[in-house]
Amino acid sequence: NFPLHYKDAMREHPNFGCGSIGCYQWWKGLVRELYLSSNIDMKDYQFSFVFDDTFRQFRTSECWEMFPETLSVLQELQAGDVDVVVTSDFDEGLVNILQQHGLYKPGDIANSLIKEVISSYEYGIAKPDLLRTVKEKWDITAHVG
């Protein structure tokens, strides 16, 4: 049961293990618990191989799909001089995923559709507290999602 194990992992090591075990070990522990609770028996080396490959894939755009209208909406916002800041309860992999989709260019902010990415992992706090932190830095006029 993913939601139950996820909640337990967040309680034990908040924000994907930020400041404690790190997100790699956090996800590995969560996935291990899911396998065990599903009675999937794997030797440690087998589990490590499967987990490492899956973890690597999920840190790329390979496993993440944008809605068809995402690009056009972000381009319209940019043309309207609206700065888009992504605030997410996500681990450190978010930046790479957004970069690979061509949405975030930290070295070229003037041409980036997303001006900044602020994750709970990076800041060590989750929503809604994370949103208060963002409001101190950015003039938020709309929150979507």
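Helix axes are lines fitted to C-alpha atoms over the stretch in contact, and the angle between two axes runs from 0 to 180 degrees between their N-to-C directions. The model described here is predicted.

## Helix 1 against helix 3

Helix 1 covers residues 2–12 and helix 3 covers residues 22–37; their axes approach within 10 Å and cross at roughly 140 degrees. The crossing of helix 1 with helix 3 is right-handed.

On the helix 1 side, the contact uses F2, H5, Y6, A9 and M10. Helix 3 contributes W26, W27, L30, E33, L34 and S37. By class, the residues of this contact are eight nonpolar, two polar and one charged.

## E33

E33 lies in helix 3 and is part of the contact with helix 1. Its relative accessibility is 39%, so E33 counts as partly exposed, since that class lies between the limits of 20% and 50%.

K115 is 82 residues away from E33 along the chain, and the C-alpha atoms of the two are separated by 37 Å.

## Cysteines

How many disulfides does the structure hold? There are zero. A disulfide requires a pair of cysteine sulfur atoms within 2.5 Å. For C23, the closest cysteine sulfur is that of C18, at 9.2 Å, which is too far for a bond. For C63, the closest cysteine sulfur belongs to C23, and at 15 Å this is also too far for a bond.

C23 is buried, with a relative accessible area of 2%, whereas C63 is partly exposed at 30%.

Notes: Residues are numbered from 1 along each chain as its sequence is written. This is a predicted model: local features need pLDDT of at least 70, side-chain atom pairs count only at pLDDT 80 or more; totals for chains, interfaces and linings use all residues. Side-chain values use heavy atoms; hydrogens and water are left out. Helices (H or I, at least four residues) and strands (E, at least two) are DSSP runs, numbered from the N terminus. A crossing is left-handed if the near helix is turned anticlockwise from the far one by less than a right angle, and right-handed if clockwise. Contact means heavy atoms within 4.5 Å. Ala, Val, Leu, Ile, Met, Phe, Trp, Tyr, Cys and Pro count as nonpolar, Asp, Glu, Lys and Arg as charged, and the others, Gly among them, as polar. Buried means under 20% relative accessible area, exposed over 50%, partly exposed in between (1.4 Å probe, protein chains only).
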